[in-house]
Amino acid sequence: MTNQEKKEYLLGYQYLNQRINRLLLEQQQWRELATRVSPNLSGMPRGGGGGGTQGAISKIVDLETEINAEIDKLVEKRKEIEGIIRAVEDSTLQTLLEYRYINGKKWEEIALMMGYDYRYILKIHGKALSLLPSDLGKKKTLKDTRRHP
């Protein structure tokens with residue numbers, strides 16, 4: 001696995017987080033729509049389009065289920081990435097990887113927080129990536145761990 005592939009793998013946590021934020025925003029928009037829908041006060045029957053408040057509430061419930069599933073994935077992905085980062089023995093490199101891939105910090109912010117030059121941060125980031133295992137994200141199956149006669 002190349003360093004670029006390792007970066008993409010580690011960024012998976014940030015991508016999931018962004019997806020959840022997008023779903024939460026969409027859910028909020030549906031909530032606002034549901035509160036703006038006015039009831040039929042005229043007493044006259046209208047076509048049953050199935051939209052309105054019921055449609056919005058249904059969409060909100062569906063999004064809630066999807067958000068909860070994505071949050072479960074996010075929690076698992078974070079645990080996995082934290083374990084990978086902890087495998088790096090150098091605490092400076094661990095901190096750098098956590099800032100970048102868990103906290104989603106920009107390189108400039110990381111350099112300021114750690115008290116290093118921007119270019120040096122990029123250099124040690126390359127070193128940190130090279131220390132990560134090349135089989136990131138590959139789960140061992142029972143077949144992989146069993147001894148064959």
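**Helix packing, a buried isoleucine and model confidence**

Visitor: At what angle do helix H1 (residues 3-10) and helix H6 (residues 118-131) pack, and are they roughly parallel or roughly perpendicular to each other?
Guide: In this predicted model, the axes of H1 and H6 lie 9 Å apart and the helices pack at an angle of about 85 degrees. Angles of 65 to 115 degrees count as roughly perpendicular, and H1 and H6 are therefore roughly perpendicular to each other.

Visitor: Which residues of H6 are met by residues of H1?
Guide: The residues of this contact divide into two nonpolar, four polar and two charged. On the H1 side they are Asn3, Lys6, Lys7 and Leu10, and these meet, in H6, His125, Gly126, Leu129 and Ser130.

Visitor: Is Ile85 buried or exposed?
Guide: Ile85 is found in helix H3 (residues 52-86), and, leaving aside residues up to four places away in sequence, it touches Gln94, Leu97, Glu98 and Ile102. Its relative accessible area is 1%, and because the cut-off for buried is under 20%, Ile85 is buried.

Visitor: What separates the C-alpha atoms of Ile85 and Leu132?
Guide: Ile85 and Leu132 are 47 residues apart along the chain. In the model, the separation of their C-alpha atoms is 7.6 Å.

Visitor: Which helix has the lowest mean pLDDT among the elements of the protein chain?
Guide: The chain has a mean pLDDT of 84, with 81% of its residues reaching 70 or more, but over residues 140-149 pLDDT stays under 50, and the model has four contacts beyond four places in sequence for that stretch. Helix H5 (residues 107-114) has the highest mean, 98, whereas the lowest, 37, belongs to helix H7 (residues 142-145).

Key: Residues numbered from 1 in each chain as written. Predicted model: local features only at pLDDT ≥ 70, side-chain atom pairs only at ≥ 80, totals over all residues. Heavy atoms only, no water. Axes fitted to C-alpha atoms, helices over the stretch in contact; angles between N-to-C directions. Helix = DSSP H or I, 4+ residues; strand = E, 2+ residues; numbered from the N terminus. Parallel < 35°, antiparallel > 145°, perpendicular 65-115°, else oblique. Contact = heavy atoms within 4.5 Å. Nonpolar A, V, L, I, M, F, W, Y, C, P; charged D, E, K, R; others polar. Buried < 20%, exposed > 50% of the residue type's maximum accessible area, 1.4 Å probe, protein only. pLDDT = per-residue confidence, 0-100.
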